[in-house]
Amino acid sequence: MRQTTRELADFLSRLTFADIPPGVVAQAKKCLLDFLGVLLSGARTPAAKRFFAFIEPLGGRPEASVIPFGHRTTCAQAAMVNGFTAHGLELDDGHIVGHVHPGVTGLPAALAVAEKTGASGKDFLASVVAAYETVIRVGDAITPSAIYDRGIHAPGLTGAFGAAAAAGKLMRLDPGKMTHAMGNCCLTPVSPFQTFTEGAGVKDLYAGWPALVGTLAAQMAHADITGPVKLFEGSMGFCRNVADGFDLEKITRGLGEDWRILEVYFKKHASCSFSHTTVDAALEIASAHGPDPEQIERIVVSTHRFASDLGEKSPQTASAKKSSIPFCVALALLKQRVFLDEFDLDPGEDQRVLALAQRVEVRRDPELDRIHLADEGCRPARVEVFTRNHGILSAHRQVAKGWPEDPLSAPELQEKFNRLVAGAVSPSKRQRIVHAVESLERAADLSELIRELV
């Protein structure tokens, strides 16, 4: 039997900054800046403030910063809070085929452990790349089965491996101990997608909890606490536990050659990624026709499986609304944008959106399902707006804006960051954060960046 867990761990342990191509380093910096934008903005939400108020009294040795609350606690707790905070906006990065959100699980662990250990900017960037490569590959190996057959939220399930990779790199784990760090992620929780469909507040811990578990897994390995060394490939191991179908080759194929971090998408819309092609199609209709909502009789969304399950017409929480295709389509048609303010409307406007959402029917289309299953990178959606005065208005998308096939440009990414942090930091501080990120490979440690963030 091929030793998948050891092979991955060996690569992670031996990876250095010098091994990473410049384009991959540049992508890691983009991922970090995007993450910091959603983290700083997310910290202003009531959910983040409630969670921090819950964690703060627990105390803990002051090893790393809870950003931007100005509080220090253990690496594991800091990683958990920062992951929770960044995930709440539904604007963190992801990988379509792996069905994962690498940033909000790996970056909190990397920041926390780098701060504690005084790691250099180069070592930190290598840990970021390690985190992304790991979680994307593991996600790709077990999906779509883990999602479609088991109803699991893959980022919450796989994120601990990315966090452990980042933390293990920064603690300089040798290949043997890195193998145990991967194995110790057997403690990662199964994360049912039911939490999303109900809009439960604990949903944001699907980023924070894996960040904590992965950090602890690496710390335990460092302390000679061993995990299973065949966690991925074992007959009773992780992959067999969580998926009816999986492909172990995807975890190790092309390591050090095919850099999966380059396939990351950056979100334009503050909603579940399964809604994005539908939202883009609805926005196309809104931009071209500006249909009068009073003239809309009904709206039909045809899409692939799983996305077709996100058909709740009366979501009651902000989290549930972001996973409701009817609500997101209504927002796109009425507001022509699905960002942050659109999920924080006054009661009257919110009811207006909900009223239009009642007219949205989400259908699973066999042909679109076939296209999606043939190419996981496509999430096809067709939106048809039936109006009294203009007939049927329709639009179709297979990939969404922000995905690798239709990426956000550098100015668009900068605009997103600026909009996210506009109410959180001053323009001068914003510039200093950008400069610290852009010059990380020249930094002796992360103290300059952390100082600006807290």
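Trainee: Where is the place of Asp 10?
Mentor: Asp 10 sits in helix 1. Helices here are DSSP runs of H or I with at least four residues, strands are E runs of at least two, and both are numbered from the N terminus. Before we go on, this is a predicted model, where local features need pLDDT of at least 70, side-chain atom pairs count only at pLDDT 80 or more, and totals for chains, interfaces and linings use all residues. Residues are numbered from 1 along each chain as its sequence is written, and side-chain values use heavy atoms, with hydrogens and water left out.
Trainee: What does the side chain of Asp 10 make a polar contact with?
Mentor: With the side chain of Arg 14, at 2.7 Å. A polar contact is a pair of N or O atoms within 3.5 Å; within protein, one must be able to donate a hydrogen and the other to accept it, and residues adjacent in sequence count only if both atoms are side-chain atoms. Asp 10 also lies 4.7 Å from Pro 175, C-alpha to C-alpha, although the two are 165 residues apart in sequence.
Trainee: Let's go to helix 9 then. How many of its residues are buried?
Mentor: Seven of the ten residues in helix 9 (175-184) are buried. Among them are Met 178, His 180 and Met 182.
Trainee: And what do the buried residues of helix 9 pack against?
Mentor: Helix 1, helix 6 (121-142), helix 8 (154-170) and helix 11 (205-222). Contact means heavy atoms within 4.5 Å. At the N-terminal end, Asp 174 is the cap of helix 9, with a side-chain oxygen 3.1 Å from the backbone nitrogen of Gly 176.
Trainee: Switching to His 95. Where does it lie?
Mentor: In the loop between helix 4 (75-87) and helix 5 (102-117). His 95 has 2% relative accessibility, so it counts as buried.
Trainee: What does the side chain of His 95 reach?
Mentor: The backbone nitrogen of Gly 98, at 2.9 Å. There is also a 2.6 Å polar contact between the side chains of His 95 and Glu 263. Setting aside neighbours within four places in sequence, the contacts of His 95 include Ile 136, Arg 260 and Tyr 265.
Trainee: Now aromatics. How many aromatic pairs does a search of the whole structure find?
Mentor: Twelve. Rings of Phe, Tyr and Trp (its six-membered ring) pair if their centres lie within 6.5 Å; planes under 30 degrees apart count as stacked, over 60 as edge-to-face and the rest as tilted. Phe 161 and Phe 232 make a tilted pair, at 4.9 Å centre to centre with 50 degrees between the planes.
Trainee: Which parts does that pair tie together?
Mentor: Phe 161 is in helix 8 and Phe 232 is in the loop between helix 11 and helix 12 (238-242), so the pair links parts 71 residues apart in sequence. Both Phe 161 and Phe 232 are buried.
Trainee: Which residues have the most contacts inside the largest nonpolar core?
Mentor: Leu 36, Phe 124, Phe 238, Ile 299 and Leu 333, in a core of 148 residues. A nonpolar core is a set of buried Ala, Val, Leu, Ile, Met, Phe, Trp, Tyr and Cys residues joined through side-chain atoms within 4.5 Å. Helix 6 gives the most to this core, with 13 residues.
Trainee: Last topic, strand 5. Why is strand 5 called largely enclosed?
Mentor: Because five of the seven residues in strand 5 (381-387) are buried.
Trainee: How many bridges join strand 3 to strand 5?
Mentor: Seven, and strand 3 (296-303) runs antiparallel to strand 5. Two strands pair if DSSP finds at least two bridges between them. Arg 298 stands opposite Phe 386 there. Strand 5 also pairs with strand 6 (392-397), antiparallel over six bridges, and Glu 384 faces Ser 394 across that pairing.
Trainee: What do strand 5 and strand 6 form?
Mentor: A hairpin, with four residues between the strands; Gly 391 in the turn has a positive phi of about 70 degrees.

How values were computed. Buried means under 20% relative accessible area, exposed over 50%, partly exposed in between (1.4 Å probe, protein chains only).
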